Amino acid sequence: MLTLSRKAKQFLVLTAKLLIVGGAFYFIYSRIADNDQLDWSRVTEAASQKDATVLIFAILLLTFLNRFLEILKWQNLVSWLLPLSLGKATEQVLAAVTAAIFTPNGIGEYAAKALYYKKQQAKDIIFLNLVCNGAQLIIAVLAGIIGLVVFNALYHVMGTGTLLAIIGALLGVCGLVFASRNITIKGYSMQRLFAKVGEMPKAIHRKNIILAIGRYLSIIHQHYFIFLLFGVDLPYPIMISAIAGVYFLGSSLPTFQLLDFAVRGSVAIGFFGILGVNEWIVVFAATLQWLLNIVLPVSVGSYFVFRFRASPQPSSKERE
């Protein structure tokens, strides 16, 4: 009976892995194949232009930096609990990206990373992932608001009242979170969360913020260089402010990583249409960024999903 139960469990785990990986690649293919706006011959034309080699190298370098800095962030945060090698951090981050592709705003990433650790460590791992993503979100919000203000001042995309309403809504959310910090739900509260964040060494927080800023700059400039590759030659401050605003608004909308390029591309069309950028370039830029930052990591992460074993990690060291 024990042998049968073990075999049944192994079969279910294998089935889950096949569903995750097979489903991911099926939907990736369908999203690309069914998009009539994509003409891949234009990519070849852009790649054959002057200085294209330098731009392509910059785009690929920033693609690597984007995910590598995320891996370093995770390694840095987990070091609060136990030592984590760069190889293990890479495996956990890429496998989590693959497992989270079907979930709204990548929520499945939290559970996927927790599976690599002992059951009693799961809450700490989820907390650390929250800190990891929280720092990235705060930077994207702050930079996005600045980008929106600058872009709106130049092109008046939205009325002053609308812009103030967006900023007011964000401040209202922050105020609501602060006001409800003492409210406890099933033993959890924002006050307890803030206290736990305060328990972490400042050195870990500083490194997390620096890496998050580096990752944000990598993503923004990757988008910028993709536009340059397709011949968009606009002043740097205008391009960066528009990209920051698009990234902020696109990330604020509930979506799946699988559909991220479609949502962000729709927002980008509105912004860059004002700048006179052709719609097909905007669509291509969003699609290429999605391919590089989501599809490529998922392709590598699929390998880690298949080789995943729920074996316990070494015991966590005592916290200082």
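1. Which side chains meet in a salt bridge at 3.5 Å, N to O? In this predicted model, the partners are lysine 73 and glutamate 70. Both residues belong to helix α3, and because they are three residues apart there, about one helical turn separates them. The count of salt bridges comes to five.

2. Helix α3 covers residues 52–78, and helix α12 covers residues 279–306. The axes of these two helices come within 10 Å and cross at roughly 60°, which means that α3 is oblique to α12. The crossing of α3 past α12 is right-handed.

3. Which residues make the contact between α3 and α12? On the α3 side they are Ile59, Leu60, Thr63, Asn66 and Arg67. On the α12 side they are Leu292, Asn293, Ile294, Leu296 and Pro297. Sorted by type, the residues of this contact are six nonpolar, three polar and one charged.

4. An unreviewed UniProt entry annotates "transmembrane region" over several stretches, namely residues 12–32, 52–69, 126–151, 157–179, 261–282 and 288–306. These assignments come from the record.

5. Residues 52–69 are 100% helix and 0% strand, with the end C-alpha atoms 25 Å apart. Residues 126–151 are likewise 100% helix and 0% strand, and the end C-alpha atoms of that span lie 36 Å apart.

Definitions and conventions:
Residues numbered from 1 in each chain as written. Predicted model: local features only at pLDDT ≥ 70, side-chain atom pairs only at ≥ 80, totals over all residues. Heavy atoms only, no water. Axes fitted to C-alpha atoms, helices over the stretch in contact; angles between N-to-C directions. Helix = DSSP H or I, 4+ residues; strand = E, 2+ residues; numbered from the N terminus. Parallel < 35°, antiparallel > 145°, perpendicular 65-115°, else oblique. Left-handed = near helix turned anticlockwise from the far one by under 90°. Contact = heavy atoms within 4.5 Å. Nonpolar A, V, L, I, M, F, W, Y, C, P; charged D, E, K, R; others polar. UniProt positions renumbered as here; feature names shortened; annotations may be inferred. Salt bridge = Lys/Arg side-chain N within 4 Å of Asp/Glu carboxyl O.
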